[in-house]
Amino acid sequence: MRIVVALGGNALLKRGQPLTAQAQRENIKIAAQALAKIAVNNDLIITHGNGPQVGLLALQGNAYKPDELYPLDVLGAETEGMIGYMIEQEMGNLVPFERPLATLLTMVEVDPKDPAFSNPTKFIGPVYEEAEAKKLAKDNHWSIKPDGQKWRRVVASPLPKRIFEIRPIRWLLEKNTIVIASGGGGIPTMYDADSHLKGVEAVIDKDLSSELLARELGADLYIMATDAEAVFLDWDTPEQRGIKCVNPIDLANYEFAAGSMGPKVSAACQFAEKTGKTAAIGSLEDLEQIVAGTAGTRVSKLVAYMESY
């Protein structure tokens, strides 16, 4: 099969962990062990989040004068290289030496008229207590929102329109390469009034960008690996239940949190509806079982009725 796996932020850095290279390395080692098992006899494309990492680089940039700060598109490119390098190295320690790996910096086009630019929702950077977050927002002209019990910076998250490097990704797959691409949703870019391509101060949702990538590559299976075992209805209530399999039309009738499961469900429904193939959401630890169809939530047009765990 051709499989696209989007690694959630927890695969790189668990909530509350320090933003250190060592912490990320240890988590990526664990992720690589799961990924290497499904790489056997399959085409594999890996994408990943970058919220904490791009936020950290933005904080480090505060050492510069305001007009010297690196924009988010440049920071996104930096994180694609940094995280891709770690994934590539740890995967290389597990798969046969003859199996090539490649990290590809990926530019993704967005629409300058996207309404997301007037309503920032994408979390980046570390979490803060409310008082500290409000002070930082005032000092740095940030937008902030609650993230669970904490607060975080939010930036615009426009929809992905086009992946510019789709052809070289296909070429690499033809040579049996494991490809790490579209990290952090890809580098946000747009055309200006003179039809010149330029970077954008935004972060594209990695699940929606990965869905576009999976669709354009003709993937047989699109997996969003997260810290949840499945998609749950009535979350955190006595009636809570996990979804085993569901039709995208039925799943679209339910509401999920915009900052967490919402984009994953939207991406899964879109992929299943537009391709007729299967999308899945589940735990990284269950990756082999998700591929086998025995774990996680599977979204497919072939499902007649919803099944729960």
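Predicted model: local features only at pLDDT ≥ 70, side-chain atom pairs only at ≥ 80, totals over all residues.
1. Relative accessible area, computed with a 1.4 Å probe on protein chains only, sorts residues into buried (under 20%), exposed (over 50%) and partly exposed (in between). By this scale N41, at 75% relative accessibility, counts as exposed. N41 has a positive phi of about 65 degrees although it is not a glycine. Its place is the loop between helix 1 (21-39) and strand 2 (43-48).

2. Basis of the note. Residues are numbered from 1 along each chain as its sequence is written, and side-chain values use heavy atoms, with hydrogens and water left out. Helices (H or I, at least four residues) and strands (E, at least two) are DSSP runs, numbered from the N terminus.

3. D236 belongs to the loop between strand 13 (232-233) and strand 14 (241-246). With 66% relative accessibility, D236 counts as exposed.

4. Helix 2 and helix 3. The axes of helix 2 (residues 51-60) and helix 3 (residues 72-92) come within 9 Å and cross at roughly 125 degrees. Axes here are lines fitted to C-alpha atoms, for helices over the stretch in contact, and angles run from 0 to 180 degrees between N-to-C directions. Angles under 35 degrees count as roughly parallel, over 145 as roughly antiparallel, 65 to 115 as roughly perpendicular and the rest as oblique. Helix 2 and helix 3 are therefore oblique to each other. Their crossing is right-handed, a term that applies if the near helix is turned clockwise from the far one by less than a right angle, anticlockwise being left-handed.

5. Residues between helix 2 and helix 3. Contact means heavy atoms within 4.5 Å. Helix 2 contributes Q53, V54, L57 and A58, which meet L72, L75, G76, E78, T79, M82 and I83 in helix 3. By class, this contact has 7 nonpolar, 3 polar and 1 charged residues. Ala, Val, Leu, Ile, Met, Phe, Trp, Tyr, Cys and Pro count as nonpolar, Asp, Glu, Lys and Arg as charged, and the others, Gly among them, as polar.

6. Helix 6 and helix 8. Helix 6 (residues 206-216) packs against helix 8 (residues 261-275) at an angle of about 15 degrees, with the axes 8 Å apart. That makes helix 6 roughly parallel to helix 8. The crossing of these two helices is right-handed. K206, D207, L208, E211, A214 and R215 in helix 6 meet P263, K264, S266, A267, Q270, F271, K274 and T275 in helix 8. This contact has 5 nonpolar, 3 polar and 6 charged residues.

7. Aromatic pairs. Rings of Phe, Tyr and Trp (its six-membered ring) pair if their centres lie within 6.5 Å; planes under 30 degrees apart count as stacked, over 60 as edge-to-face and the rest as tilted. By this rule there are 4 aromatic pairs. The rings of Y128 and W142 have centres 6.4 Å apart and planes at 40 degrees, so the pair is tilted. Y128 lies in strand 5 (residues 122-128) and W142 in the loop between helix 4 (130-140) and strand 6 (143-147), so the pair ties together parts 14 residues apart in sequence. Both Y128 and W142 are buried.

8. F164 and Y191 form an edge-to-face pair, 6.2 Å centre to centre with 70 degrees between the planes. This pair links distant parts of the chain, 27 residues apart: F164 in the loop between strand 8 (162-163) and helix 5 (166-174), and Y191 in strand 10 (residues 187-191). F164 counts as partly exposed at 22% relative accessibility, and Y191 counts as partly exposed at 31%.
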